[in-house]
Amino acid sequence: MSHSRSHFWFVAPAVLLMFVILILPIFVAGIFSFTDYNLGSTDFRWIGWKNYEALGKYSSYRKMFTASLTYVVIVVPVSVLLGLGSAMLISSLRFGGEFYKAIFFLPVMVTFLAMAIVWEFTLDPIVGIVNRFLEDGCSVGWFYQFFTGGWLGFNPADSWYGNICSERMPNWLGNKKYALGSISFIGIWQAFGFNMVLYLAGLMAVPRDLYAAAEIDGAKSTWETFKLVTWPMLGPTHVFVITITSIRSFQVFDTVEALTRGGPSKSTYMMVYAMYEKGVKQNLVGMGSTLTIVFLGFVLLITLTQVYFINRKVHYS
């Protein structure tokens, strides 16, 4: 019996498009990573592993890895937990749930380059609302006492708020002590609304009769119900949310470009911004390609690690 091969004609355009758009650029970047090629140049040299060796040789690249990993470690767990918590709270509401969904999902919908102006003014050291709030708090005795622990017997000078009140208001984006934390806070603000929507979808898929069965088996408190039913049944959602949030955190660019440009002192020098700076602004295509390959390696490592350690313990119904 002869088999028709007409289905290849339907699959071929999608496969060809995927190869041209996704796979071929990776091969080209891999080749350029072993050269000193500059865009527009008609000649280039093969330099072997020198670009990769430079990543461990120069302090700016070491700061890049430190800043990127620190950002991921802060943003991923906090945004995932906030997304799960807010989803559970909203799903328990009888009224007003749609309003809170819209409010929390707003950071995902808006163009961040427009919101960057708002954040820049909010965190401005002179006219920003954050420092204005801290200044007002320092001028009010009970507020200062509360945050410094003065009513609890602690020394106000030993607390973070006491240090702020005794010194000038911090430059959140211009001081390397606060810049990465500020960028991470904005990243959490961006990410947790998206995670909330994913968890809401996961909660809707949990069979209601499981809660009744858990109650019959002795699960009386909300915590026991969450531990025995909700958390295990959200296993596939956990895998997807953690994987997507980790990849999106490594891809952070617009926040850095709009607010800090990698500074101060490379404290917010993220990997994607470094790729843009080297490959586009400085026209160092070889180094930019090297950073691209390393970035893809990090993303692949994160994905495989999560699939191996998390996905093995998840039961898909």
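Asn-283 sits in the loop that runs between α14 and α15 (285-309). In this predicted model, Asn-283 takes a positive phi of about 60° even though it isn't a glycine. With a relative accessible area of 26%, Asn-283 counts as partly exposed, because that class covers values between 20% and 50%.

One loop back, between α13 and α14, comes Ser-265. Ser-265 is again a residue other than glycine with a positive phi, here near 55°. Its relative accessible area is 48%, so Ser-265 is partly exposed too; the cut-off for exposed is over 50%. The loop between α13 (254-259) and α14 (271-281) also holds Pro-264. The peptide bond between Gly-263 and Pro-264 is cis, with omega at about -10°.

As for the overall picture, the protein chain has 15 helices and zero strands. Of its 317 residues, 37% are buried. Taking contacts between residues at least 6 apart in sequence, 64% link residues at least 24 apart.

Tyr-52 belongs to helix α2 (residues 50-57). Leaving aside residues up to four places away in sequence, Tyr-52 is in contact with Ser-33 and Phe-34, and also with Thr-290, Ile-293 and Val-294. The C-alpha atoms of Tyr-52 and Leu-291 lie 8.4 Å apart, although 239 residues separate the two in sequence.

Helix α2 also packs on helix α3 (residues 59-91), at an angle of about 75° and with the axes 5 Å apart. That angle makes the two helices, α2 and α3, roughly perpendicular. On the α2 side the contact uses Ala-54, Leu-55, Gly-56 and Lys-57, while α3 brings in Ser-59, Tyr-61, Arg-62 and Phe-65. Sorted by class, the residues in this contact of α2 with α3 come out as four nonpolar, two polar and two charged.

From α4, the residues involved are Lys-101, Phe-104, Phe-105, Pro-107 and Val-108, and they meet Trp-189, Gln-190, Phe-192, Gly-193, Phe-194, Met-196, Val-197 and Leu-200 of α9. The class count for the contact of α4 with α9 is 10 nonpolar, two polar and one charged.

Finally, there is Thr-237, located in helix α12 (residues 235-250). Thr-237 has a relative accessible area of 15% and is therefore buried, the limit for that class being under 20%. Not counting residues up to four places away in sequence, Thr-237 touches Leu-198, Tyr-199 and Gly-202.

Definitions and conventions: Residues are numbered from 1 along each chain as its sequence is written. This is a predicted model: local features need pLDDT of at least 70, side-chain atom pairs count only at pLDDT 80 or more; totals for chains, interfaces and linings use all residues. Side-chain values use heavy atoms; hydrogens and water are left out. Helices (H or I, at least four residues) and strands (E, at least two) are DSSP runs, numbered from the N terminus. Buried means under 20% relative accessible area, exposed over 50%, partly exposed in between (1.4 Å probe, protein chains only). Contact means heavy atoms within 4.5 Å. Ala, Val, Leu, Ile, Met, Phe, Trp, Tyr, Cys and Pro count as nonpolar, Asp, Glu, Lys and Arg as charged, and the others, Gly among them, as polar. Axes are lines fitted to C-alpha atoms, for helices over the stretch in contact, and angles run from 0 to 180 degrees between N-to-C directions. Angles under 35 degrees count as roughly parallel, over 145 as roughly antiparallel, 65 to 115 as roughly perpendicular and the rest as oblique.
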